[in-house]
Amino acid sequence: MSNTSAVNILRRHAEEQFAQELAELQKVDNRPRPENWVISPWAVATYLLGGRLDNGFEVTAKYIGNRRIIETAVATLATDRALLLYGVPGTAKSWVSEHLAAAISGDSTLIIQGTAGTSEEQMRYGWNYAELLSKGPSRAALVESPLMRAMAQGQIARVEELTRIPADVQDTLITILSEKMLPVPELNDEVQAVRGFNVIATANNRDKGVNELSSALKRRFNTVVLPVPASEDEEVNIVSRRVAELGQALQLPAEPPALKEVRRVVQIFRELRNGQTEDGKMKIKSPTSTLSTAEAISVINNGMALAAHFGDGVLHSRDIAASLVGAVIKDPVQDDVVWREYLETIVKERSDWKDLYRACRDID
């Protein structure tokens with residue numbers, strides 16, 4: 001653990017940021033819990049979904065959406081099946097993964113970040129080559145991966161962006177998930193999983209670097225699909241909450257954004273994403289960008305930074321415009337046409353959106 005003051009840390013781990021909530025849940029949690037779980041499955045679901053405890057303490061919602069989705073995810077982790085959180089980018093897969101690990105194990109840091117360059121050593125184990133050369137293969141020379149440590153300690157390991165990992169490296173998980181052990185042939189040894197061990201993986205279906213999971217690996221996961229928010233109000237609620245949390249963490253000297261500005265950004269994203277206006281009366285073209293809830297949060301957050309440091313501290317349409325245009329136009333040819341058409345046929349015609357129209361035109 002670093003000696004850096006918690007006050008100076010840009011982003012604290014979930015188990016640190018919400019330590020009080022987890023402590024309060026432990027106080028009132030008298031339900032059965034699987035071995036090595038910090039709190040019971042009921043308490044884990046309450047931690048993620050929020051609610052008032054018997055002692056009057058209010059637990060904040062980390063996930064806003066269908067309760068059954070979270071209950072299914074938690075129930076999966078209480079069995080010997082691994083969990084795969086699947087969906088389009090920006091649907092809070094990593095966020096949910098982190099909070100599940102924090103609540104179940106009290107540690108969300110046993111993580112492997114999947115990339116095209118993720119190696120088998122990062123998934124299984126590596127070697128301290130100085131130790132290896134001087135003394136030969138030994139446990140002291142072995143460098144444990146987060147996955148190996150999770151197995152030995154009976155904790156949750158996280159594998160982010162599983163489908164970005166090369167297929168042959170993905171398949172190193174098969175033995176671990178089916179046999180609950182990790183062989184170390186160099187030492188004629190193995191690491192056996194302690195009760196409480198499980199894996200949460202995330203994957204999205206829009207990634208250009210997708211490596212499809214083998215059928216053998218798919219069978220070892222229970223897949224839970226995280227959908228985009230069902231309604232505009234739900235998405236506005238999510239964006240407002242996360243922007244407030246990020247603004248506080250970043251210590252932005254700006255007023256909280258007006259609900260009107262948040263709603264406008266969310267409505268634009270939803271309309272372009274769905275290919276029609278919210279009232280369903282007009283069809284529109286969709287850009288190549290995903291326009292996720294996470295990107296809407298980023299647009300508002302960046303607007304707050306502009307308002308704080310280059311404005312009057314109040315979020316205006318001119319503060320949002322640059323990030324909004326950048327979020328929509330990922331392909332400078334195709335998306336530019338889609339955005340200009342939407343701007344002229346939809347945004348321009350809304351009488352209370354004139355300020356946003358002019359701000360976006362100025363950016364163009």
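Predicted model: local features only at pLDDT ≥ 70, side-chain atom pairs only at ≥ 80, totals over all residues.

Residues are numbered from 1 along each chain as its sequence is written, and side-chain values use heavy atoms, with hydrogens and water left out.

Start with the domains. The chain divides into domain 1 (67–225) and domain 2 (232–362), with bounds from an automatic or database domain assignment. Their centres, taken over C-alpha atoms, lie 36 Å apart. Four residues of domain 1 are in contact with six residues of domain 2; contact means heavy atoms within 4.5 Å. The two domains bury about 380 Å² between them, 61% of it on carbon and sulfur atoms. Buried area is the accessible area (1.4 Å probe) that two parts lose on being put together, summed over both. A salt bridge is a side-chain nitrogen of Lys or Arg within 4 Å of a carboxyl oxygen of Asp or Glu.

Now look at Arg 270. It lies in helix α13 (residues 259–274); helices are DSSP runs (H or I, at least four residues), numbered from the N terminus. Arg 270 is buried, with a relative accessible area of 7%. Buried means under 20% relative accessible area, exposed over 50%, and partly exposed in between (1.4 Å probe, protein chains only). The side chain of Arg 270 reaches the backbone oxygen of Ser 231 at 3.5 Å. Arg 270 also forms a salt bridge with Glu 278 (3.7 Å, N to O). Glu 278 is partly exposed, at 32%.

What about Gln 170, buried or exposed? Gln 170 is buried, with a relative accessible area of 0%. This residue is found in helix α9 (residues 167–170). Its contacts beyond four places in sequence include Leu 162, Asn 211 and Leu 217.

Turn to the charged pairs. The structure holds 28 salt bridges. One joins Glu 98 and Arg 11, with the closest N and O atoms 2.6 Å apart. This pair links distant parts of the chain, 87 residues apart: Glu 98 is in helix α5 (residues 93–105), and Arg 11 is in the segment before α1 (14–17). Glu 98 is buried, with a relative accessible area of 5%. Glu 344 and Arg 361 meet in another salt bridge, at 3.0 Å, N to O.

Definitions and conventions
Helix = DSSP H or I, 4+ residues; strand = E, 2+ residues; numbered from the N terminus. Polar contact = N/O pair within 3.5 Å; in protein donor to acceptor, adjacent residues only side chain to side chain.
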